[in-house]
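Dear colleague,

Here is the structure for your files. My notes follow below it.

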Amino acid sequence: MRPNILLFGDSITQESFRSGGWGASLADAYSRKADVVLRGYGGYNTRWALFLLHHLFPLGLTKPPVATTIFFGANDAALAGGTSERQHVPVEEYKENLRKIVRHLKECSPTMLIVLITPPPIDEEGRMEYARETYGEKAMTLPERTNETTGVYAKGCVELARELGVRSINLWSKMQETDGWQKKYLRDGLHLTAEGNAVVFEEVVKVFKEAWLDASEMPYDFPHHSEIDGKNPEKAFQQKCL
């Protein structure tokens, strides 16, 4: 049976199966070798994600995922006192919530490949533009997220990954290495463009390869068509199906 790769996160994960999304690209890369399972929850922070753990990753699961990406922080980093305050989680609690998630996954499967992904950077002007276009006169007049604050959460995520001995992707830093990242990678100051999704896909595949989950080295679930003899097809399926 194919192994499962589970993507756990907020809206940036939920949207990842759209055309050009990083999750869809991952499913294509591991086609016939692993099933990529989407568990993205738009608007969620790590505090709310904890309520899902025992539903998504029940202890005693006979077939736990071989790998899980944990991609939260964009909502946790919403500013206290801002229009998205309801989603705000203090950075120390954010780190503790991630710690609880990672520990639970390790309890589910000590061999699971766990990858923490930081929130992407924030284009503050892009967020304001999006609000004005969407809400007009009712749009917020002050940022509900800032790049500086989000960077604090990204740093905390990377530090925690190092502490717990799991892998991480510093998306906040990676994207800002490119000139014009604000419009190139973010469509509304927060969510990803096709180019932004490509960055996530490339970074996830890179980490998977550096670990032990290289798609090119994984077997197909059933024989490739070139291995099937038209006159004696049973032979190709003897080991896989019998």
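Buried means under 20% relative accessible area, exposed over 50%, and partly exposed in between (1.4 Å probe, protein chains only). This is a predicted model: local features need pLDDT of at least 70, side-chain atom pairs count only at pLDDT 80 or more, and totals for chains, interfaces and linings use all residues. Residues are numbered from 1 along each chain as its sequence is written, and side-chain values use heavy atoms, leaving out hydrogens and water.

Cysteines. Cysteine 157 is buried, at 1% relative accessible area. Cysteine 108 is buried too, at 16%. There are zero disulfides in the structure (a disulfide is a pair of cysteine sulfur atoms within 2.5 Å). The closest cysteine sulfur to that of cysteine 108 belongs to cysteine 157, 19 Å away, too far for a bond.

Cores. A nonpolar core is a set of buried Ala, Val, Leu, Ile, Met, Phe, Trp, Tyr and Cys residues joined through side-chain atoms within 4.5 Å. The largest has 32 residues, and Ile5, Leu26, Tyr30 and Phe208 have the most contacts inside it. Leaving aside neighbours within four places in sequence, leucine 26 is in contact (heavy atoms within 4.5 Å) with Ile5, Leu7, Val36, Phe201, Val204, Val205 and Phe208. Another core lies apart, with 27 residues, including Val37, Ala49, Leu160 and Val166.

Serine 84. This residue counts as buried, at 14% relative accessibility. Not counting residues up to four places away in sequence, serine 84 touches Ala78, Glu144 and Arg145.

Best wishes
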